[in-house]
Amino acid sequence: YLEGYTNVDLPPEGQTVMHAKADVYKDIRELEYADGSVDEIRTHHMLEHFSRQEAIKLLLQWRRWLKPGGLLFVETPDFESGAKAFAKASLSEKFKIARHLFGSQESYWAFHKDFWGEEKFRFVLGKLGFENIMCSSQTLHTSKSLPDRFSKIAKKIVPSKVDSLHNVVVKAYKTTHSIDEMRAAREILERSLLGKEREILEVWLQEIVSK
């Protein structure tokens with residue numbers, strides 16, 4: 001729980017294991033704020049739970065909410081670092097790394113649907129009208145990296161010899177100039193096309209503009 005913020009989490013009936021304290025219990029996609037009214041938006045291990053087009057739609061929405069110069073703070077698993085660690089890990093470690101990258105999967109919302117890492121964040125946020133993008137890595141070594149309430153869980157899923165559960169932490173600021181949202185979304189989503197898949201691209205873009 002972050003003091004001084006409006007804390008948001010899923011409604012209690014959607015929580016199966018974690019029971020987060022929040023000020024607002026609501027699906028993040030259903031929140032409404034006036035454009036240019038928010039100083040800062042922080043998300044911790046949330047963006048990866050959305051498809052590539054849903055994530056872009058959310059990022060565009062958050063940019064509209066932020067004041068000029070407003071701060072976006074995002075933390076996700078670092079897919080690139082995780083993939084490198086996975087290639088060198090033992091079978092037991094691979095299961096733990098994969099769980100970190102693909103989600104806990106105990107509920108419909110607990111699946112990770114897309115990858116994030118420093119290179120992707122710099123590309124995507126730059127296209128979507130953010131600047132001064134700062135990325136840092138965070139590695140979960142042992143339960144000492146977690147709040148006390150998570151230490152018992154961490155000891156079970158993260159043996160001390162595993163030091164390859166990587167996260168990426170990103171800070172970026174809303175630019176003062178306007179952007180062409182759909183052009184930016186198209187330029188990002190085109191990177192995920194395999195060959196001549198223009199119809200798929202149009203489906204993705206339609207999801208971004210839909211309510």
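Two strands pair if DSSP finds at least two bridges between them. Helices (H or I, at least four residues) and strands (E, at least two) are DSSP runs, numbered from the N terminus.

The model is predicted: local features need pLDDT of at least 70, side-chain atom pairs count only at pLDDT 80 or more, and totals for chains, interfaces and linings use all residues. Residues are numbered from 1 along each chain as its sequence is written, and side-chain values use heavy atoms, with hydrogens and water left out.

**The sheet.** Select β3, β4, β6 and β5; in that order, these 4 strands form an open sheet with mixed pairing. At its edges lie β3 (38-44) and β5 (130-140), each of which pairs on one side only. From one strand to the next, the twist averages 10°; axes are lines fitted to C-alpha atoms, for helices over the stretch in contact, and angles run from 0 to 180 degrees between N-to-C directions.

Next, select residues 66-77 (β4) and 165-174 (β6), which pair in the antiparallel sense over 7 bridges. Here T76 is found opposite V168 of β6.

**D27.** Finally, move to D27, in the loop between β2 (24-25) and β3. D27 counts as buried because its relative accessibility is 19%, where buried means under 20% relative accessible area, exposed over 50%, and partly exposed in between (1.4 Å probe, protein chains only). Leaving aside neighbours within four places in sequence, D27 is in contact with L10 and P11.

How values were computed
Contact = heavy atoms within 4.5 Å.
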